[in-house]
Amino acid sequence: MTTAIVTTDPNFGPWNIPARGQNMITNYHAKSEGIVVNTVIPEPVFSNLMSTTRWVNNNRGLKKIILCSIYQIPWNAAANEVEAFINDLEDVEFIFSIEGIRGHGRDFLLKIIEEVKLFSAHKNLDYNDYESYDDLYELMKKQ
Amino acid sequence: MDIKEELIYGKGWVLVDVDKPESLDRLCQSFIHEANKIVGNDSILNINDFIDYLLTLNDSEANTLKLKLIFIKDLALNLQKSFIESTIKLTGHEIFLQRRSHVMFNIPGHTQPSMQHIDGMSGISPYAYIIWAPLHDITDDSGIYALDQHSSMKIMNEEKQNGYVMGNAVHDYQFEPLQMPYGKAIIFNPFVLHGSIPHKGGLPRIGITNRFQSRLYPLFLRDSDFFTPCNI
């Protein structure tokens, strides 16, 4: 049984983190928690189903996987794809470095997916619309 | 002026009383229980023991301990529930809550625990609020200070002329830390300059802090990395 770091397309959620950055974040997190990493699974760009990780688990067995963020799991896939993802990986422990949360099992994954959906549907302020924290201050005063 | 008006249009901060003392007590008990596990010698039976223990730590050890304490389960939720009436008045029931409370120490003889700053310059939404509560009575100058928001932004703008945010305009200002009994908290908006100063009291101070906001308002740069959705 193996512990793997999983890198994905750099664009996920509100962030753009190149694979090297993802590796640095997840490796640092593993080290700080005393987790020994055995391998790195690189998911290809433009993919969002974690199919490579699922293949590795089904053929070689995974114990833990470490990702940067909850946004990297297939939260917006079709229902049957989400179901297949959960079936394949529900016994694997997921560790999300940026959010600092970990867990495993169907209920955990469904809860995480619901949380990502909520964040994704939420409107955020657009960074490009503001030039300084003064602008943000004015925004607060206008509410 | 009600609490929301005071925070947005008034001085930008208010002192509030605990709404559910049992929740704050439970938070403290949980804190002590977990702190004991982290420290690992079963010698910490109450908050005063923990205060004494902090005196034995250097800067680095205190910082390492803080990083471990933020993972205490439900610390953030219990803090928010302790001040639930104030929270609901400001944000309603559906909120984004900081995933993990920050635990703040001010230990005599240590370097400045929290440099003066406004949270609004760190990517937090302008619609967020900050709550800070001590875990024991604060009767000296070890507590948090907070300027009114107009003075805060005046100082920040003076600093901005020089291209930085912590120069003489900030350092020359005379800050007056708040003395607060256990059961009080300060809530402020993200544009209130705040921090703490090295103090001459004999004992360390412990405070915890959350950021929270209504889910009806947009987030800014701090997203799932910092907040979690929560119904209170």
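Two residues are in contact if their C-beta atoms, placed from the backbone, lie within 7 Å. The model is predicted: local features need pLDDT of at least 70, side-chain atom pairs count only at pLDDT 80 or more, and totals for chains, interfaces and linings use all residues. Residues are numbered from 1 along each chain as its sequence is written, and chains are lettered from A in the order in which they are written.

**View 1. Surroundings of B:F188.** Beyond its neighbours within four places in sequence, B:F188 is in contact with B:L7, B:G12, B:W13, B:I130, B:A146 and B:H194.

**View 2. The sheet of chain A.** Five strands form an open sheet with mixed pairing, in the order β4-β1-β5-β6-β7. Strands are DSSP runs (E, at least two residues), numbered from the N terminus, and two of them pair if DSSP finds at least two bridges between them. β4 (39-42) and β7 (101-103) of chain A each have a single partner strand, so one side of each is left without a neighbour in the sheet.

**View 3. Strands β6 and β7 of chain A.** β6 (residues 93-96) runs antiparallel to β7(A), and three bridges join them. Here A:F94 stands opposite A:G103.

**View 4. The interface of chains A and B.** In this interface, 20 residues of chain B are in contact with 23 residues of chain A. The side of chain B that touches chain A has 11 nonpolar, five polar and four charged residues. Ala, Val, Leu, Ile, Met, Phe, Trp, Tyr, Cys and Pro count as nonpolar, Asp, Glu, Lys and Arg as charged, and the others, Gly among them, as polar.

Technical notes: Helices (H or I, at least four residues) and strands (E, at least two) are DSSP runs, numbered from the N terminus.
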